[in-house]
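Trainee: I would like a close look at a single part of this model. Could you take me through it slowly?

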Amino acid sequence: MMLNRQKPPRSNPPQVATNYLVCSTLVGYVLLLAIYYVGRYGGNWAELDSSVLSKITRNFIENRQLVPNSGEVYPNGYSYQSLTTFITILTGLAVADLQQLVYPLTAILAVLPAWLLYYELTGSLKGTILATLLLFTQPEFLFVLFRSSHEKFTRSLMLLSLFFLVKSFEKQRHSGKSIPYVILFYFAIYTLMSFNNLMGASFIFALFLTAVIAVPVGKRGLQLWHQALLRFRYIVLTCLVLAYLFTFYIYPPATHDLVFLRNIWDRAIALFLSTPKEPDIPVSDLIGWINPIVYLLLSLSTWLITLAAFGIWLGMGWKWLVKQEKPDSSVLSFVWLLYLGFGIQGVLSWVADKSGSGGHLVYRLFPSISLLSVALVGRFLANWKPHNYIRVWKVGLAFAIACLAFVSILKVTNEPALSNKWTFYSISELAALDWTDKTIQYSQVWTDFDERLSVAYAIARGESKNHNDFYGYELRETITRYLLDTSLNRLRSKRLQKVMPFPPGTLLIYDNGEAQLHRLYPKTPFQD
Amino acid sequence: MTVQSKNQGGQIAKPDGKTALAKTTILMSFVSALMVFLNALSGFYVARNLIPYEYGRLTYFTSLFLVVSLVFGFGLTVSAIQHLSRYNAVKNYSELNRMFYSLLLMRLSVLIPLLLLSGCLSLITGDELYFLVGLAASLSVVADFLCGVFQGLQQIWRTALLYLLQPIAFIALLVAGLNHSSKSVILALELSFGLGCLLGILLLWGTGIARPLLKFFSLLHIKDALPISGQSYIISLFQTLYYTYALVWLGSLNQYGEAALLNIAWTLVRILPLGLTPLLNTVLFPRLRNLVISTDDLNDRKKAVSNLVAIYFKGVVVLGISVSALMAFFPEIVIEFFYTSKYLATAPILVILAPTVLFLGLEPLLTVTLIALEKTMLPIMANLLRLLLVGVIGLGGYMLGSLDLNLLLALAYLLSAFAGTALLAFYYFRMSCAFHPGLLFGFAASSMGIAATCRLLLPEISGDFIVRLYRPAVSGLLMVGIAVVFLRQDFKFNFPRITSAKKIGALALLGLLPLTFIAAPTQSTALAQSDLNCSGAAQSPRILKLDCLSESATANFLITMYSRIDLPPAVSWEKQLNYEDSLWLIRVANDERVKLALDFHREGKMQYADLYDDGDGDGNVRYDLYAGSPRILENQGRWTVRVTAQEGWWKPNGKLNFNLDILVDGSLRGSYGSGFIYDYKKLLKNDGQIDFEIHVRDPNNSGFPKYEWRQDRSPLPEDPSISGQYRTEINANFEGNEAPISGALLWPYLSQIAGNYNKGYNVSASPIQVDWEKGKIIQISEFVASRAKPGNFFVYSLNRIKEGELNSTNFENPFAFYDLSGVKDGWPDTAIRFEAALPFQLPGDLSIPKPINILEYAWGKEHNHNLTYQVSLCGTKPIDQIISFPEFSIKAVPPQKLPGWVTGQNWDAATFVEVEKQPYWTSEIIYEWTVEQADSKGREKVLPWRYITGLENTPPADAFSHIQAGFRGEYSLNLQAKPYLYFSPVDHKLHLLKADGGIWNLDGQSEISYTDLDHDGYTDMWRYTSLTPIDSTIPEIRQLNLAGDYLVYQDGSQVLLRKAQVKAFSFVTLPPTNQTEWENLGKKLKEQQTSFQPTDFKAMLNQFEGQDILFSHASFSDFRSLKNGSFRFILELREAFHSQDKALPGITDLKPGNYVVEYLDGTLRITPSTPPVLSIALSTQPKRYLEQNEVLIAINNDGGEDITEGQLELWVSRPQEELRLVSSQTISLPAKSKISLPFIWTPSSAGLWLLTPKLNYKNEVLLGHVSEQITVLPEKEASSDSIAQILWADTNLLFVLLCLVAIATLGGLVFWKYWQTSGQAHDAE
């Protein structure tokens, strides 16, 4: 019991050592995952959000302005590009190297906040370890952590802010002690906003929902920190004010996306329910995998944890609200409430999705809900003691976790043997694109059946120097004169059963063995 | 109906059980809700369909209606309910009848003075609406009374029916008869109440009310009845007075526009309170009454009442805050949603009124509660206070000179709503001792603080500023409010008991209210009348009054000039006119409203004229007199147009100054494009934001403007790819010979009349033009003519020009006009329109890195103000020339060089059109048959934007398959040359050299087509087709071909071959670029004029002499020009044909049938024709799966006849499967020739395939039996191994495997280690 626990004796080195050891093990585990993420394709990976932020960062470096006068401006925050610029200047690393090789490794930064938070939420070292471990078997969470976008920081900040919040509640009886946590919480929230205001607002909205439901639900049997929850409302209100100030005053580009949305409904959804668009979350795309069974297997971890968490949550609710049993601790009640708050947000997102106002909002919320799901499951596992066959259970569960870790990393890396959405490219393909950009200008160049190569070029090289447009998906027949043919494209053609869009009899103008550039013959006097 | 009846909704329930009460409650809740809905609906409908002025008028009269119907209602309805209910309960029908008729007679008797009063008012004011309103009010109180009777008699369904009939009838009548006037609405209201009365009387049947007998009338009964309803009556009366006070005040000042705006906002903020009324009256009130009269313990009852009220209170607070926030932050959206954008001007008022939603929502709750607690004096006090506050604040602010009465009244309502609610809450809380008064006072005090601040600032600053200040303040307040709700702290206010509030309030009300009616501004209406154009005299040392009759004698302007310096005495009025420091108020005769205010003032060398027009739709520019001088109040004192001139309106040389800078802030047309690209009336507002900048320049001070440029600053996106307005417009006349200004109203730039935006020929109307009836500046027309002057040009650019820079302008860049004839009558005879699209500026997926130039070059054959010919061209060459102005320059070909530049260039494609049916006048160019023609899919500019850019492979010939009647056009889709024209000696017409084809639509029924069969650049085939009205299915055809040494003619009855030497052209020319060329071309055309009809091909043939070969009853087809003057055609000889002997070898042996006639190597031959004989071959090379494969089909025609427009198809199938069409192509295959055509085929699987070509020709399948079997190979690199190979190529398989194993193992191990083994308590941090 967290609230009633006694202060530990000051000298307890073996326990502390265990904590450090376990925590280090988990850091090592995540580091291993990250190394695999980078090494799987020899660093030659790319995806849309990372490439967009690479372009934005390059522009940021070039202009040296928080809101660059020219070029693309990131409308949702400034911290990611500022931080990346700082690191590139400090280390001399190229943006591409940083994005593709170094940033995935920084996923380990999320371990400590997760550890701290789950330490508070689960109430035991065992629960902390299990919850943290489970968190890093969640492919949706891992994916956003590994790729090089603001999420690797914003997710950590979410964990951190929740930690500060819970700590401040715990210290409610000693306002002097809780104040530093409250201040730290605001810092964390502001930093979160500065990385991405939409994600920050969405997070705050979930807290707001929690604060709202705490009033009626709290009266029905939950053991909550009474004074702290009263204060929680002010905290949420302050955060809303913070979000408002950031969006409308501190970082003016943040309003850009909002003002052009067609109505209040859309604006509200954009601000409170959505997080930035993430088109490449692998879980969202059933046809992105070679068959549904593979998809189900790879998503097993997500479904198992989600269903288990929901079941545990329901059980808690039944016990406390219906059977009127007393919750084990206030923090557990709070986790239960938070889960409900995020759940309501998920339901609202689902409604918004159905009404056509959002765009896969539920999927975008999944990583946030995972944060709490693993806490519930981790705590449950930590406290669960099977009466019989404990060893069998132990072996079985350990094996299951091993399998989940295995399939999760396959999913996170979009393992091409299983995935139809390929996120890697070959050096030869990049070389062909380099040659193309050096040789031609102001041209449309078809590169692949999706954005694979266009984002690869964007993350590795940035904007086209000669104003070429490297694009994917459907061939823009009327304006495209150049087409890239590569071995990987041929394989994708086979995998996707899509016809290579080359008309017969094109002019081959470049060939490096692996990649060829074709040019269409003119058919009218006005085509060159 | 009226308020008092609804307030007593709970009393209609039977006291005999909860079921009856529940049923009644449900029914009446439904009825009340429906009534509220219907009333709101009718209100919205009326507001949306009337213009603001009429709506304002209606607002005034309906407010009067409400007051009158309430005043004369005397609260008798409530009496009826109570007394009839009582008698009905004890079944004393005798007394019941006596009471009914007593009250009815009382009701009818008090209506007589009402009708008399309203009739007199109508007679005095001449406005019949007063009487109509009186009548409507009379009917309404009778209908309301009848409702009360049914309620008293427990006739619930009859009550419901009667309640609902009126609003339904009202809406139906509105929809059926609303004719955009307030009168029609009042009539509909009147009629609907009339119907209500009628129905009420009919429904009395069978209710126990006996026939009317005078003996039933009893004064005693009336005396008993009246006091019961007294307090409710007073509450309702105060409430209604409070609601309508400001509207009646504004209406009495004839400020109907303002009344409309205030009413819109006021209605919106009352929607929520009105919506809650049924809930309060039918649900809350009965429950409260039950609690109050129950026999339980007093403390328990108090507690129960408090809890019940508290629940409602919280609900109303949450709703009120939400709606307040919505209205405070999104007023425009709310207004537009309910009332359309025409009332958007009410947004600032709505923002201020927004917090009243909360107070107005709470007030009925507290009132109902207090009535239920039998504390009726408290609501009376509260309403009195509210009424008092509106009166004091409104009147006080007005007398202090508030700039905006509407804003002031909004603040008054806000404060009064707060104060009234606060008073009620105070008393309620004091009584109940169980609620949190701080909740309310927290809100209210803060809001009042903001409101008071705004009130103090109001006379000095604009409404916009208030709104800007107010909105964040309100948002802050709402946050605080939410915080207070969460706090739930019980603020312990200790308010002193106010004992004398009633007296003070009543006295103040009586004293102040009448003042509001005598505070109307005094406006001078006395003006001297005189005749002639202008006459006038000084009225005081600083006031000059003029009476001016317009030049057309259609308008009479009354101008009052308030000079800021003393006028020179003893001089004529002309010399007293002050254009430097004075304010002019301009009225028109028979209308006392000021239509325009002109404020002349000077700062240093800069001379300003600020023009103020009507902003609220009441046709009046509001002002007041401050220290004897007018002060403009309209639009919160903002000008609509500001004209700035350096050194005054006249130059020292006495010439008019045309170096002007004009700023526009308002809904008027300030540029050419704003007249049609967007709706400036809706988009532009007088809001402190500049909408147009207009700069006029006369560098030499010649007294004539030489150029002007206008910057459209309307609130539209600045990015040209998003919004297509002309951001900059330039008009220029470098010769400086604009026509002198005419039609000015004293000040030269202000026009007496409203004309066109574009200047006319040889005339310059004063450019600032006003709708004098509405008092609205409607446009600032051209200073420099864009079109109506030879030598002028204009540029309408989507890109904005920046002063001081060289700009890349686009769209019409330039559009220039010329007088090539040199007649100099002020009319052009030549126009060149240059449409430029810059690289990457074509829309959508058409973006290409080249500029696209489109050009129309039109000229008249004679200088008769009509255009005759036009060459339209397109190309992709960049412009390398510059037009310079002192302030900026643009990339464009200077107009003086433009004709030569056009004719000196090679162009990619061209069209040529001649207007055959004259006269044809346009102010610009010939709009038909340009290169911008849309294709059959409706895609505009398909030739310049899609084909010559290389984006499309197919020449867009279908865009040139039809032309308007009376026009003759030709086109060349691949010109690659200068736009040469040639004159044909055959038809004596100008033609486009290298035309691909052409068409002349003679009259919509017949046409002549032109073809160049031998592709030498000259037309050699003329074909006339006419659909006769008698049998339109068989066209009449004539054809003339010129080939080699022959002219070949047919007209359906004969074929004639004439051997003659005919030149392809008489002369070749380019479009004229100067006077000499224009005159020479005209001369040549005149010389070559002929008299034959254009359809008379025989006459065209007969111009040339030669040896003939004639076949009668014959026709020919498939005419083909071959090399070196050779030709070939199929001759069809019908039965009874006749031919000349020995003209051709073997001609005597001919029999009816088809023959091939060939002219080869100087010899004409005729041989029997044979049908097409086809052979086919397919490429059989293996194809590949998942690729686009080419299948070549080669066809030979060894027959004697051509195949034209045959349909060649490729069909494919797997063995034993059905054929599937791949694609088809239209082909022409001449006799004795072969072609080879590629088809693209994408096999759906690997393996054996059967390919079958088919040729459909004249509804017959000529080929289709030939099939080829081919093999489709699997895709390249198609094995699964190759995927693995590539995947592992860049990475180490060992690394992958090791990592995966390590990850799984580590994950499993951590779990193994820490599950159920080492879990300690949460004991360390």
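How many bridges join strand β30 of chain B to β38(B), and do the two run parallel or antiparallel?

Mentor: This is a predicted model, in which local features need pLDDT of at least 70 and side-chain atom pairs count only at pLDDT 80 or more, while totals for chains, interfaces and linings use all residues. Residues are numbered from 1 along each chain as its sequence is written, chains are lettered from A and ligands numbered from 1 in the order in which they are written, and side-chain values use heavy atoms, with hydrogens and water left out. Strand β30 (residues 981-983) of chain B is joined to β38(B) by 3 bridges, and the two run antiparallel; strands here are DSSP runs of E with at least two residues, helices are runs of H or I with at least four, and both are numbered from the N terminus. Within this pairing, B:L981 stands opposite B:T1069 of β38(B). Two strands count as paired if DSSP finds at least two bridges between them, and in chain B 3 strands form an open, antiparallel sheet in the order β31-β30-β38. Its edge strands are β31 (990-992) and β38 (1067-1069) of chain B, each of which pairs on one side only. Neighbouring strands of this sheet are turned by 30° against each other on average, direction ignored, where axes are lines fitted to C-alpha atoms (for helices over the stretch in contact) and angles run from 0 to 180 degrees between N-to-C directions. Helix α24 (residues 1075-1087) of chain B lies across β30, β31 and β38 of chain B, running at about 150° to β38(B), and contact here means heavy atoms within 4.5 Å.
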